[in-house]
Amino acid sequence: MRVLIAGIVSAALAAIPTSVASGGASSGLDGKVLRGAMSPACLTARPCQVGASIVLAFSRHGTTVAQVKSAPTGDYRIGLAPGVYTVTPARRARLWRVSPQTVRVPVGGYRRVDFLVDTGIR
Amino acid sequence: MRNRLVLAFTGALTAALFLVMAAPAAPGAAQGTRAIPSGGTTSIQPGATGADAIQSPEFDPGIAEDDEGGGVQVNRPRPGFKNGKFPKNPLDAPTVASSAVAGSNPEVTFGLQGLNHRDQRLANGGNQFSLEPPDQGLCVGNGFTVEVINSVIRVYSSSTGSTLTGVQDLNTFFGYPAAINRTTGAFGPDVIDPICHYDPEHQRFVVAITTLYHVGTTSAFNGKNSIDVAVSNTGDPTGLWTIYHVPAQNDGTDGTPNHGCTLDGSTPGPCFQDYPHIGADANGLYITTNEYDLFGPSFNAAQIFAFSNAQLAAHPASITMTLVENLNVDGSPGFTVWPATSNAGDYATDQNGTEYFLSTIAGDGSETGNPTGTARRIGLWALTNTASLNTSSPNPQITSRLINSETYVFPPKSDQKVGNIPLGECLNDNTLFDPTAGIGCWFLFFNVPSTLPPPWQPEVESKPDSNDTRMQQVWYANGQLWSSTDSAVNVGGELKAGIAWFQVDPKINGAGKVEGQVKNQGYLALADNNLTYPAIAIGSNGKGAIAFTILGETFYPSAGYATIDASGSVGPIHVAAAGLGPDDSFTSYKAFVGTPPRTRWGDYGAAVTDGNTIWLASEYIAQTCTLAQYLSGAIGSCGGTRTSLGNWSTRLTKLTP
């Protein structure tokens, strides 16, 4: 049963387009995804948080409508219809906390939103 | 006669227990014992203080952005989701009445400014990097107060608060090369997350840290890490200490077990031990950690490093360490399983000695498997048969369960009163060096970027971290456990960071399993403000205090406390030391840490007892200055109150509730 559920979930996620470019959409988000902390204390000797390749899922009314995979540098761009979205890591097994968790896509343009994914390391 | 009967019964029980303990450990509760040789002796011998300057290397130019992690598959089994353990949907933050603010602090004997960022950065002749947050360690006994933070240590008189030593860096204290040799450019290990405990039965101080080792003298981690334990050879922490380095990469090397950590989700790699915390019962000293991949994307589970108090006190050439591995509660990995500290002579003796622990099951979600960031259950844990730590065959047994509690919710970041942020203002300035070209104060730290004005502008006053919902310090007094965590609260019509506290009545049942329930609980909140990073301690007379940072619309980050007693009665909020300005340190700014910045604070406070006296330690801001003052004299020092990159401080408060 668990395998079956996992298969259904995988199939459902696979059906959601993962965007690496905005295509021709006239509105959406772009920016950077950082991951941190990278070590227990933040030293100026090394980055506290770094750009990371992470798949983010954008949901409206509890339904995931789009995904985007950031580049290894953390850069991303995704076309989305105007409105408010909930943002989570797409791979639920990871369950990292994303900040901010809700974003608003403006009408007729792209808005820069940078995300921080909390590793839990302190 | 009664004593003999009790002894006989205890003996029979012990024998029976050893038979029970011969059975295989439950899955996920493996343990192993190994010998840890002494790494030599040390003492607190402060070096010269470094000069105020913006020194190079302050930032390591050799480190590129990370390109691994996020998109990879994780092959480790993930947390189970037992029915009803986690909320199906996020719980609402509780609505809480605001506490009153007391007009005076009659309980306070004295307070003193503790170690600060300037102490940290300029220790060891300045051969240190700037570092945030402080991570508060504190222990008191035998007339001494030891404060240890990232990454320095100092001893005070506990009767007067006067300093008994200078400030020593922890790299040198633990026998390592400097964090950065500013003459040769050689990097030493990262020595971080300090903790401290005073053993009143043996009159010993224990300081422990996580150490991350580097590839040669470069800045890159080599994968090895250790939990380093220093124990004072006598009751005087200004004398000699003995060091033990406990390998902790748990990848099968250096005598460690292999916990299956990875480099990238699949390639084997080292683990590392994060967020160590310390507690003790009559028999043992316990350091718990959160184990993550050092280079990969995953959390594994909490671990317990258990030691014999008596053996540590004797500081032999080799000690025995028992690792209780991969803790789980009700199918979910243990996360920040904080061991209790007990008052002198007041220990749980069930099952041949018991140490209790508490945890939460929300955290930030990635560790426990709880996707909501909210919960109304906490983890209650017991390590029994701790007296076996004093034998040649240690065999402690871990048991855990979830118990119902009040709701706690991942807290929002903390706002702070508006004030001077000279570092932030410096990063926003485009006129200091060449107003025509737009090259301003930021040029003190950075070369001219490819675009002007610099991409990080504008920098703004930060919102410091309010932690997540991981359990904070746990205290055992008169058979009860006390602890607290950060939680979102609705107070005064706003969502703020507040404190959820718990009094738990634990016991060990006839089957040797831990049981218990929350006996008292409550919230602490202040309208228009946030209360963060609580730490609680209760004296043997049933009177105690909760330490925290206060910050918000009406407070700069300040050191606060509230008294609490055995009936669960919490007094008003006291301001032990009012903050003088906003936090203005490097993790607050995009220019240094990227976008969005995350202002590090905490990561934990401290509260300890010394008889019926309570000592508290919290992070706060003890200075303020304008940009003009920041730029006059030694740049960034504002008259010797801060450094160019940070202004955090700690506050120590001695009180008798």
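This is a predicted model: local features need pLDDT of at least 70, side-chain atom pairs count only at pLDDT 80 or more; totals for chains, interfaces and linings use all residues.
Local features need pLDDT of at least 70, side-chain atom pairs count only at pLDDT 80 or more, and totals for chains, interfaces and linings use all residues. Residues are numbered from 1 along each chain as its sequence is written, while chains are lettered from A and ligands numbered from 1 in the order in which they are written.

**View 1. Chain B as a whole.**
Chain B holds 7 helices and 32 strands. Both are DSSP runs numbered from the N terminus: helices are H or I with at least four residues, strands are E with at least two. The C-alpha atoms fill a box of roughly 90 × 55 × 50 Å along the principal axes. Of the 657 residues, 58% count as buried. Buried means that 20 or more other C-beta atoms, placed from the backbone, lie within 10 Å of the residue's own. Among contacts with a separation of 6 or more, 68% join residues 24 or more positions apart. A contact needs C-beta atoms, placed from the backbone, within 7 Å.

**View 2. Strand 32 of chain B and its faces.**

**View 3. The partners of strand 32 of chain B.**
Strands pair if DSSP finds at least two bridges between them. Strand 2 (residues 108-116) runs antiparallel to strand 32, joined by 6 bridges. B:Asn116 stands opposite B:Ser649. Strand 31 (residues 613-621) also pairs with strand 32 in the antiparallel sense, over 8 bridges. B:Glu619 stands opposite B:Thr650.

**View 4. An open sheet of 4 strands in chain B.**
The strand order is 26-27-28-29, with antiparallel pairing. Strand 26 (529-538) and strand 29 (574-577) stand at the edges; each has a single partner strand, so one side of each lacks a neighbour in the sheet. The twist averages 30° from one strand to the next. Axes for such angles are lines fitted to C-alpha atoms, and angles run from 0 to 180 degrees between N-to-C directions. Strand 26 pairs with strand 27 (residues 543-552) over 8 bridges. B:Ala535 has B:Ala547 as its bridge partner in strand 27.

Technical notes:
A residue is buried if 20 or more other C-beta atoms lie within 10 Å of its own, exposed if 12 or fewer, and partly exposed in between; C-beta atoms are placed from the backbone. Two residues are in contact if their C-beta atoms, placed from the backbone, lie within 7 Å.
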